[in-house]
Amino acid sequence: MDLTIPHLLYGLFTLIIIVTMIFRKGVVLPTLLGTFIIAWVYKGSLIDGFTAIFNANLVAAQELFSIFLIITFMLALLHSLRDLGADARMIQPIQKMMVNGHVSFFVLIGITYIISLFFWPTPAVPLICALLVPAAVRAGLPAISAAVAIALAGQGMALSSDYIVQVAPSLSAASAGIDAGDVADKALVLSLIAGAVAILLAYLLYRKSIRSKDDPYNEVEAAQLQTADGTVNKPKTIHLNTWSRVFAIVVPLTLLGVVIYMLYTKLFSGSSELVGGDGAAFVGGVAVILLLFSTIAFGKQHALDYVSNHITDGFVFAFKAMGPVIPVAGFFFLGSPDLSGRILGVEEGPALLFDLVSSTGEFLPQSSLLAALSVLIIGIITGLDGSGFSGLPLTGALAASLETSSIDAATLAAIGQLGAIWTGGGTIVAWSSLIAIAGLCGVSVMDLVRKNFLPVIIGLLAATVIAVFFL
């Protein structure tokens, strides 16, 4: 494949962005500049370069808006529960399980993994962040460590195997010409290895930041979760304590019912309609109805205004949390053939990122270990688009071409799948669904990326080495 100047420019700016992130600086400036220059050179028009900046941000906003909405609705519900005082009552039973910050870290991991394995992390995150993170923080676990636990268990370990839903193994296997079940089995084992290493390393690295249960800062940080502002709404009911108790029971039971129903539709009815984005829409819709009822109970006729306030506050926070991510996502969407056409205003857009990766295929080594590492690295690079799934056909095809007598295509495809999804699914790119975790935990998404980076990379390397020598 012949690489063009736009390909080379895209690779250059990608490297600049990665280096900028390593030095813990903002990446919005190089992404906007890169989008402008690449579009200008590709179209040969300065005007098209200007319009591409706007289009890239518009496309990114459209693609990510579902995450804006789930953050908005869940935060609005939590604000309404805070008006009632039901949020504190709701987590009292969970606090008994979370006896300290250390136990809370692993409780979050176990519950996140189980839920995410069945219907993907996207709908699981708001449920867990709403019900468990406040209790974990009050037990002494810092909010950033809670976000790390949820990301590694859900976006990483559960989604990278996708063992129940099996969208990822199917994509990997289709392009490799092998059975999806073989890829799924290998991916499950490797995801557990990578997850165990990453989680253990993260715990060892950050355990000293875990506070005692009696530390007064626990309540301070818990109060700052999702919002730093207290309620300005005034109760209009004389039965505030009663409604507080009612919703402290109704909301957890309703969300638990959502989980049970989604598990039932997957396990017993054979339906997959409530996974991924559809599952998140279901959770978001339920949250809105709960928001309406709780606000009416609190404000009676004033609920007409209070609901608007809660929704507005949710949107403001979501845009504050995710705003800087949009131009970054726009740049990497420019490298995806599925979205670059809309950004550049052409019918068939270029695959700048994937073309760069594909062009390295003839230089990849035949050694089993080096081949596995190459597929892993390529998977990680394709995950930079913030999806995790879009690069699976490429890693699957490379797995088939690099298969040797000592390592089969299924193992290589599983390795590539882990690299792509742990990266873009995501745990170490800020423009993925990782922003939902950061937003709902009230932490910086860039700080979360930095916390995840070393454990994730070491976990992936460990899984790759074990795959080569033991699978």
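1. Helices here are DSSP runs of H or I with at least four residues, numbered from the N terminus. Before going on, keep in mind that this is a predicted model, where local features need pLDDT of at least 70, side-chain atom pairs count only at pLDDT 80 or more, and totals for chains, interfaces and linings use all residues. Residues are numbered from 1 along each chain as its sequence is written, and side-chain values use heavy atoms, with hydrogens and water left out.

2. How do helix 9 and helix 22 lie against each other? The axes of helix 9 (residues 143–161) and helix 22 come within 10 Å and cross at roughly 150° (axes are lines fitted to C-alpha atoms, for helices over the stretch in contact, and angles run from 0 to 180 degrees between N-to-C directions). The two helices are therefore roughly antiparallel (over 145 degrees counts as roughly antiparallel, under 35 as roughly parallel, 65 to 115 as roughly perpendicular, and the rest as oblique).

3. Now the side of helix 9 that does the touching: A143, A147, I150, A151 and Q155 meet L434, I437 and C441 of helix 22 (contact means heavy atoms within 4.5 Å). Sorted by class, this contact has seven nonpolar residues, one polar and no charged (Ala, Val, Leu, Ile, Met, Phe, Trp, Tyr, Cys and Pro count as nonpolar, Asp, Glu, Lys and Arg as charged, and the others, Gly among them, as polar).

4. Helix 22 (residues 434–441) has another partner, helix 3 (residues 46–84): their axes come within 10 Å and cross at roughly 20°. That makes helix 3 roughly parallel to helix 22. From helix 3 come I67, I71, M74 and L75, and from helix 22 come I435, A436 and L440. The tally for this contact is seven nonpolar, no polar and no charged.

5. Over to helix 10 (residues 167–176) and helix 21 (residues 409–427), which pack at about 130° with axes 10 Å apart. These two are therefore oblique to each other, and the crossing is right-handed. A168, P169 and S172 of helix 10 meet A413, Q417 and I421 of helix 21, a set of four nonpolar, two polar and no charged residues.

6. Last, the holes. A search of the whole structure turns up two cavities of 30 Å³ or more (on a 1 Å grid over the protein atoms alone, a cavity is a set of points where a 1.4 Å probe fits but cannot get out, and lining residues have an atom within 4 Å of a point). The second largest cavity has a volume of about 30 Å³, and F105, L141, S145, A202, Y203, Y206 and I210 line it. Helix 11 (residues 180–206) gives the most to that lining, with three residues.

How values were computed. A crossing is left-handed if the near helix is turned anticlockwise from the far one by less than a right angle, and right-handed if clockwise. On a 1 Å grid over the protein atoms alone, a cavity is a set of points where a 1.4 Å probe fits but cannot get out, and a pocket is an open set with protein on both sides within 12 Å along at least five of seven lines; lining residues have an atom within 4 Å of a point. Grid points are joined across faces, edges and corners, and a volume is the space filled by probe spheres set on the points.
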